[in-house]
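Dear colleague,

Please find below the structure that I am handing over to you, with its sequence. My notes on what was found in it follow directly after.

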Amino acid sequence: ATSEACSASDSATVDVINRSYGLVLTKSADRTSAFTGDTVNYTLYVENTGNQNLTGITLQDVNNDGYVTLPDYPTTLAVGDHFEVKYSLTMAETDPAGDYEFKNTATITVNELPEPITSSWTVDVTQRVSALTIEKASSVSEAYLGDEVTFTITIRNIGNQPLSGIKVTDALLGYDSTLADALEPDPIGTLNPGEEWSVTLK
């Protein structure tokens, strides 16, 4: 009897993928300029761009006035997932009054990354100013008794806010009316920044 040797082999390949932790934080708002008293709406966008889940997520937002109280948000984020945090802030007046930059910076930390990630947004805040000028001019500087003299009253909005309910009174000329009345020239009810209105009287 004879015997024959038998052999067999097999192999398997494993692709080794490096662990990759990735995180994106983007802060945005619906405007870059505002007046005092205006509301600015902010959005924080957070996305897991790595190939590992992220845990222990902590978000903070700091501005001129201190820390912002944020709405609830997830503390874990699976691969490829994202979430948004939305909130609103009112631009406050300053003392003394004046224009200023309102900057706030969001910071996010996770257990898997050693350093925090930040994103900022700045809004240029302008103090509301309501102001006007009124000028009265005559058609001549000298006149004889019985001469006809015309007068022009001009109102200008020199502030940065629309003005309404403006009333003009001139007791000498017997004039008492508002800009919304049916006057000549064509009446206007609101005087926008930079606009002027005038009326000529005899």
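R156 and E196 form a salt bridge, their closest N and O atoms being 2.7 Å apart; the term stands for a side-chain nitrogen of Lys or Arg within 4 Å of a carboxyl oxygen of Asp or Glu. R156 lies in strand β10 and E196 in strand β15, so the pair ties together parts that are 40 residues apart in sequence. Strands here are DSSP runs of E with at least two residues, numbered from the N terminus. R156 is partly exposed, with a relative accessible area of 27%, and E196 is also partly exposed, at 47%. On this scale, buried means under 20% relative accessible area, exposed means over 50%, and partly exposed is in between (1.4 Å probe, protein chains only).

Please note that this is a predicted model, in which local features need pLDDT of at least 70 and side-chain atom pairs count only at pLDDT 80 or more, while totals for chains, interfaces and linings use all residues. Residues are numbered from 1 along each chain as its sequence is written, and side-chain values use heavy atoms, with hydrogens and water left out.

Further salt bridges

The search of the whole structure finds ten salt bridges. One of them joins the side chains of D61 and K27, at 2.3 Å from N to O. This pair links distant parts of the chain, with D61 in strand β4 (residues 58–63) and K27 in strand β1 (residues 23–29), 34 residues apart. Both D61 and K27 are buried. K202 forms a salt bridge with E148, and here the closest N and O atoms are 3.7 Å apart. K202 lies in the segment after β15 (196–201) and E148 in the loop between β9 (132–138) and β10 (151–157), so this pair ties together parts that are 54 residues apart in sequence. Both K202 and E148 are exposed.

Strands and sheet

An open sheet is formed by five strands in the order β2-β8-β7-β4-β5, with mixed pairing. β2 (33–35) and β5 (66–67) stand at the edges, each with a single partner strand, so one side of each is left without a neighbour in the sheet. Two strands are taken to pair if DSSP finds at least two bridges between them. Strands β7 (residues 100–109) and β8 (residues 117–126) run antiparallel and are joined by nine bridges; N104 has W121 in β8 as its bridge partner.

Strand β3 (residues 39–48) has two antiparallel pairings to report. Seven bridges join β3 to β1, where V24 stands opposite E47 of β3. Nine bridges join β3 to strand β6 (residues 82–90), and there S88 in β6 is the bridge partner of N41.

Nonpolar cores

Which residues touch the most other members of the largest nonpolar core? They are Y42, L59 and M91, in a core of 26 residues. At least two residues of this core come from each of β1, β3, β6, β7 and β8. A second, separate core has ten residues, including I153, I155, V168 and W197. A nonpolar core is a set of buried Ala, Val, Leu, Ile, Met, Phe, Trp, Tyr and Cys residues joined through side-chain atoms within 4.5 Å. Leaving aside residues up to four places away in sequence, the contacts of M91 (heavy atoms within 4.5 Å) include F35, V40, Y42, F102 and V125.

Aromatic rings

The search of the whole structure finds two aromatic pairs. The rings of Y42 and Y87 have their centres 5.4 Å apart and their planes at 15°, so the pair is stacked. Rings of Phe, Tyr and Trp (its six-membered ring) pair if their centres lie within 6.5 Å; planes under 30 degrees apart count as stacked, over 60 as edge-to-face and the rest as tilted. Y42 in strand β3 and Y87 in strand β6 are 45 residues apart, and both Y42 and Y87 are buried. The rings of Y73 and F83 are also stacked, at 6.3 Å centre to centre and 10° between the planes. Y73 is partly exposed, with a relative accessible area of 23%, whereas F83 counts as buried at 8%.

Lastly, K27 lies over the face of Y42, at 5.0 Å from the ring centre, and K136 lies over the face of F151, at 5.1 Å. A charge sits over a ring if NZ of Lys or CZ of Arg is within 6 Å of the ring centre and within 35 degrees of the ring normal.

With kind regards

Key: Helix = DSSP H or I, 4+ residues; strand = E, 2+ residues; numbered from the N terminus.
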